[in-house]
Every structure is written in C-alpha cells, then in structure tokens.
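Here are some notes to go with the model, point by point. Have the viewer open while you read.

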There are 2 protein chains.
Amino acid sequence: MLRLHHYRLCPLSRTARMLLAELKLEFALEEERPWEWRPQFAAINPAGELPVLIDEAREAVRVCGSYAVLEHLADAHPRGPVLAQDPVDRAEIRRLVDWFHGKCLRDVTSPLLESKVYERFRSAAAGGGAPDPEQQRSMRANLRYHLRYLDHIAEQRNWLAGSELSAADFAAAAHISVLDYLGEISWEDAVHARTWYARMKSRPAMRAVLADRVPGAASPPAHYADPDF
Amino acid sequence: MLRLHHYRLCPLSRTARMLLAELKLEFALEEERPWEWRPQFAAINPAGELPVLIDEAREAVRVCGSYAVLEHLADAHPRGPVLAQDPVDRAEIRRLVDWFHGKCLRDVTSPLLESKVYERFRSAAAGGGAPDPEQQRSMRANLRYHLRYLDHIAEQRNWLAGSELSAADFAAAAHISVLDYLGEISWEDAVHARTWYARMKSRPAMRAVLADRVPGAASPPAHYADPDF
C-alpha cells in the first residue's frame, strides 16, 4: 500500500494526489499540517516538506518532496501521463512543472497560503497575525502575471506542455485549484486558461482534491468544484 | 555542441557545469548576469532562470532550469554519475538535490548572493543598497544549520547519497563552493563535511568552477581553490 503524507491545500501535495489517482494507484492519505512543524514529521522528511510518498510494502521506499515523488512516479510508470518519452517533450514538461512548483509557488501560492490559511491556524506567538496589505498587493500582481502566462500557453496548445496530458497540467491545476479555493482568480481575464481548467476539473483524478474543504477557514467560491463555471 | 547559459557564482549553474564536466561532455559557456533581467534571455527561458542547456546540433533541445537540466543529463547518461539505477537510491539523490537547490538556496545561498554580489552590481535605483544586518544574521544562522546537516551525512556515508558519487554531491559542492567563495564557511566546525569537500575539490570536474573569479567583487579566501585546506 502507498501512503502519501500531504496537506489538503498544499499545491505540491495536490499534484502528487492527482498523479497517483490518474495512474489509478491505490493510496492512503496522512494529513500533516505544515504550520505545526512536528518533530515526528521531521523524522520522516528532515526538510519538513510535503509531499512524502511511502511504499509500505517496501519499507525502505520513502520518497521525500515534490520533485522526488514526481520523478519516482515517472520512473515507475514510464508510459503513464507523468512525463513523455521524447527528450524535448520531457524538458518542456519539467520546465513547466518548475514554473509552477518553483516560480509560481514562491511568487504567489506559498505567500497567499501562508497569509490566508497557515497564519490563521498558527498561534499569535508563533507569528500569526493580520496579512500585510502591501505584500498582498504584490502577490496579486504576481498572480495576474502567472494567469496571463497560463492563458498564453493554454491558447497555443492542447495540453500545457504540448499535445499530451502530462505532469505539467497536474502541477498547474494544483496551484490554480488552491488559488481558486482562496477566491483569488478572476476567470473573466483568462478565457483559454479557463477552458483548459474546466477540462482538468472534469477528470476523475481531480475529484477528491476538489471535494476537500478546510474547517475553520473561509469556504471556497460557489464555482470552485464545478467543471462548468 | 552543447551550450550552457550560466552565471559563474550561481550554484544551480555550477551544478550543471560540474555534471557536464564529470560526464566528459564538451560544452561552451555563455554568461548571463542574473541581476540584469535581459529580455533576450527571457526569450530563451521565460522564467528568467539559470541554467539553460542548449544542444546546438538539435536546435529544438532547449532545457530550461536546474531541475530539467539535471534530469535531462540523467536520462541521456543513465549509467553516469548523475542518478543511480535503484529507485531507493534515486529518491535519496533527488531528496538531497532538492535539499540544496530548494531549501539551502532559499534559506542561505540565494539571499547571501543577492546581498553580497547581485546588489553590488545592480544600480541603486533598481534596489541596490547596503545589506540588512538582521537578515544577514538570520542567513548565517541558517548556514550553520545547513553545514551541520551536511557534516552529519558526510560522517555517515562515503558520498552524500550513499556509497556512490551522484548529483547530490555536485549540488552540495556547488552551494558550498559559492558560500566558501563569499567567505561564509567556518570549516573548523565541520570536519566531516571538510573531508568530503576536499575530495570534491580534487575532482577534475570542479577545476574550472574553482578557477572562476568575479571582477569587481571581493576575492575568495586563500584556501578557496585548494584541495588541501
């Protein structure tokens, strides 16, 4: 049995969940709250980062972090929808995964999650408090830029990295789904991204992710889980 | 012919240079100054990130970013010293690459490079200025933590990810070499890391990297390029 340590609104965890579901692998979820920094979790992944994939049938297989998990799944399922076969296509998929898990995470998703969710659950002593309006403005400017880029590639291609569905689509959908949950996306400005995201939302692999809610935080907008939006 | 867009003190670029040299591939270097944000470079890699590897024999092969370059080299040279064959070893190598290129970059190398090198070359109008002493203290505390972790794994293993040399060693050596260039490493506190790094410095693949200097910035300490230090 596979076990995935994840957090329901962590975009890196969501990518792993969707890839596992798309590959039709059975897996159990174990939730880890990133703002708690539990020593028990640091013993599993010293970096303290999600996701971690554990193959319980083979105790030694402990795959730590989004990069290792994605490539591990691609290695194990070379004909699956994670990576392509051709080196040029593989490079393009990895460039886009890195765009979302690197640049978009750093510029937008991580600071918005921090300020709108994690800080809420953290005690005031540990750094909880009201979001900085200047920082929020800057994150939203970054988000508009990322949404324009997504819209640009969605206009030109069938799937984000080219003609085939790949990890690039799941990585992008993971970030978009978190930002949409937080009510941060203005869909009227991104018609091609919207059409692409509607196709992603209608995939069975996204169903469980879209059904998740965070008790104690604001609810997502009404269109959030609806493929026709 | 392969062409690598790099910057001489960028740890991600240094990792790629060392891997190319270790694989005995011929390549030309093209330097890109990260603080300049040239539109011509954004046309090559829209993320504006280094390194970018271009195979000029096959115009379409443009591999953008550290993650895609490393995995591209591993795909093309499956028996080379980038990744291992076994899934457990591959996961451990990738975990450690991510430790350095993700966590160590974010916590230490990137902010130190920014404040000690890039800001120096940037005009005052574009954000140049004196480093914040509070931020410097926090980066140095992070550096001590990363050096302790490196020392801990170097004590337990032959190479960082296990018995064989791998991309984990080159990624770690890239960050360490940049931090050592900047005079930030107290080697007396890290005897096992020092022994491991001495072995890395004596490899031909590190020679060109260690010979590089940055005109207009402070010189590295006397021991910097010396394998007996």
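1. A crossing is called left-handed if the near helix is turned anticlockwise from the far one by less than a right angle, and right-handed if it is turned clockwise. Helices are DSSP runs of H or I with at least four residues, strands are runs of E with at least two, and both are numbered from the N terminus. By that convention, α1(A) and α3(A) make a left-handed crossing.

2. Some bookkeeping. This is a predicted model, in which local features need pLDDT of at least 70 and side-chain atom pairs count only at pLDDT 80 or more, while totals for chains, interfaces and linings use all residues. Residues are numbered from 1 along each chain as its sequence is written, chains are lettered from A and ligands numbered from 1 in the order in which they are written, and side-chain values use heavy atoms, with hydrogens and water left out.

3. Back to that pair in chain A. Two packed helices are described by the angle between their axes and the distance between the axes. Axes here are lines fitted to C-alpha atoms, for helices over the stretch in contact, with angles running from 0 to 180 degrees between N-to-C directions. Helix α1 (residues 11-22) of chain A packs on helix α3 (residues 66-76) of chain A at about 10 degrees, with the axes 10 Å apart. That makes α1(A) roughly parallel to α3(A); the label covers angles under 35 degrees, with over 145 being roughly antiparallel, 65 to 115 roughly perpendicular and the rest oblique.

4. Who touches whom? With contact meaning heavy atoms within 4.5 Å, α1(A) brings A:Leu12, A:Ala16, A:Leu19 and A:Leu20, and α3(A) brings A:Ser66, A:Val69, A:Leu70 and A:Leu73. The contact of α1(A) with α3(A) has seven nonpolar residues, one polar and no charged. The classes put Ala, Val, Leu, Ile, Met, Phe, Trp, Tyr, Cys and Pro under nonpolar, Asp, Glu, Lys and Arg under charged, and the others, Gly among them, under polar.

5. Is α3(A) mostly covered or mostly open? Mostly covered: nine of its 11 residues are buried. Buried means under 20% relative accessible area, exposed means over 50%, and partly exposed is in between (1.4 Å probe, protein chains only). The buried residues of α3(A) include A:Tyr67, A:Glu71 and A:His72.

6. Chain B has its own version of the helix pair. The axes of helix α1 (residues 11-22) of chain B and α3(B) come within 10 Å and cross at roughly 10 degrees, and α1(B) and α3(B) are therefore roughly parallel. The contact is built from B:Leu12, B:Ala16, B:Leu19 and B:Leu20 on α1(B), and B:Ser66, B:Val69, B:Leu70 and B:Leu73 on α3(B). By class, that contact counts seven nonpolar, one polar and no charged residues.

7. Now the charges. A salt bridge here is a side-chain nitrogen of Lys or Arg within 4 Å of a carboxyl oxygen of Asp or Glu, and the whole structure has 38 of them over all chains. One joins A:Arg90 to B:Asp75, at 2.7 Å from N to O. This pair crosses between chains, from helix α4 (residues 87-121) of chain A to helix α3 (residues 66-76) of chain B. A:Arg90 is buried at 15% relative accessibility, whereas B:Asp75 is partly exposed at 31%. Both residues belong to a salt-bridge network that also links A:Glu71, A:Asp75, A:Arg94, B:Glu71, B:Arg90 and B:Arg94.

8. Two further bridges are worth a click. A:Glu119 pairs with A:Arg122, with the closest N and O atoms 2.8 Å apart; A:Glu119 is buried at 19% and A:Arg122 is buried at 17%. In chain B, B:Arg122 pairs with B:Glu114 at 2.9 Å. There B:Arg122 is buried at 17%, while B:Glu114 is partly exposed at 27%.

9. Last, the backbone. The peptide bond from A:Leu50 to A:Pro51 is cis, with omega near -5 degrees, and A:Pro51 sits in the loop between α2 (39-44) and β3 (52-55) of chain A. B:Leu50 and B:Pro51 are also joined by a cis bond, with omega about -10 degrees. A:Trp37 is not a glycine, yet has a positive phi of about 45 degrees; A:Trp37 lies in the loop between β2 (27-31) and α2 of chain A and is exposed at 56% relative accessibility.
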